[in-house]
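Please find below a short note on the model under review.

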Amino acid sequence: MTTPNFTAGQEAEGKVPALIAWALFILSIPSANVLVLIGLIVSYVSRGTATGVPRQHIDAQIRLFWSVFWWTIAAWIGIAVSALASVLLIGIPFLLVFLLIWFLLSVWFTVKSVLGLIQLLQDRPI
């Protein structure tokens, strides 16, 4: 396995897959997160050959996915527990809070992906 070369002025490989992955991440809300999984696969597949700034973006995409994934799992657990508790009418406020958290996670993921795409188009590292 080769280590990536982050030297300035070097021709970077992997920019197109990084662009594709950011674009798929941006479409997470309209696609109900299906395209995010495809973007993650693109990131992992292209990671080995990417160099320079695109490699940094691909690594950032993978980190972003996994951090949001675990927070989303926590939000869904909170939603499920609150939904069960709402039967007793005490969980409704908690259900609304966890639904709001899940929505804000989705919006944050999309905004972070848009910013990453803009930085990649400008050849700026994350």
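This is a predicted model: local features need pLDDT of at least 70, side-chain atom pairs count only at pLDDT 80 or more; totals for chains, interfaces and linings use all residues.

1. What does the accessible surface of the protein chain come to, and what percentage of this surface belongs to carbon and sulfur atoms? The total is about 7,800 Å², with 76% belonging to carbon and sulfur atoms; accessible areas were computed by the Shrake-Rupley method with a 1.4 Å probe, and for residues only the protein chains shown count as cover.

2. Residues are numbered from 1 along each chain as its sequence is written, and side-chain values use heavy atoms, with hydrogens and water left out.

3. The protein chain contains four helices and zero strands, giving the pattern α-α-α-α along the sequence. Helices (H or I, at least four residues) and strands (E, at least two) are DSSP runs, numbered from the N terminus.

4. Burial applies to 34% of the 126 residues of the protein chain. The classes are buried (under 20% relative accessible area), exposed (over 50%) and partly exposed (in between), with a 1.4 Å probe and protein chains only. Of the contacts (heavy atoms within 4.5 Å) between residues at least 6 apart in sequence, 68% join residues at least 24 apart.

5. Three salt bridges are present, a salt bridge being a side-chain nitrogen of Lys or Arg within 4 Å of a carboxyl oxygen of Asp or Glu. One of them pairs Asp123 with Lys15 at 2.9 Å, N to O. Because Asp123 lies in the segment after α4 (92-121) and Lys15 in helix α1 (residues 15-26), this pair ties together parts that are 108 residues apart in sequence. Asp123 is partly exposed, at 46% relative accessibility, and Lys15 is also partly exposed, at 26%.

6. Asp59 and Arg47 form a salt bridge whose closest N and O atoms are 3.0 Å apart. Asp59 belongs to helix α3 (residues 52-86) and Arg47 to helix α2 (residues 34-47), so the pair ties together parts twelve residues apart in sequence. Asp59 is buried, at 15% relative accessible area, whereas Arg47 is partly exposed, at 30% relative accessibility.

7. Asp59 also meets Arg55 in a salt bridge (3.2 Å, N to O). Both residues lie in helix α3, four residues apart, about one turn of the helix. Arg55 is buried, at 11% relative accessibility.
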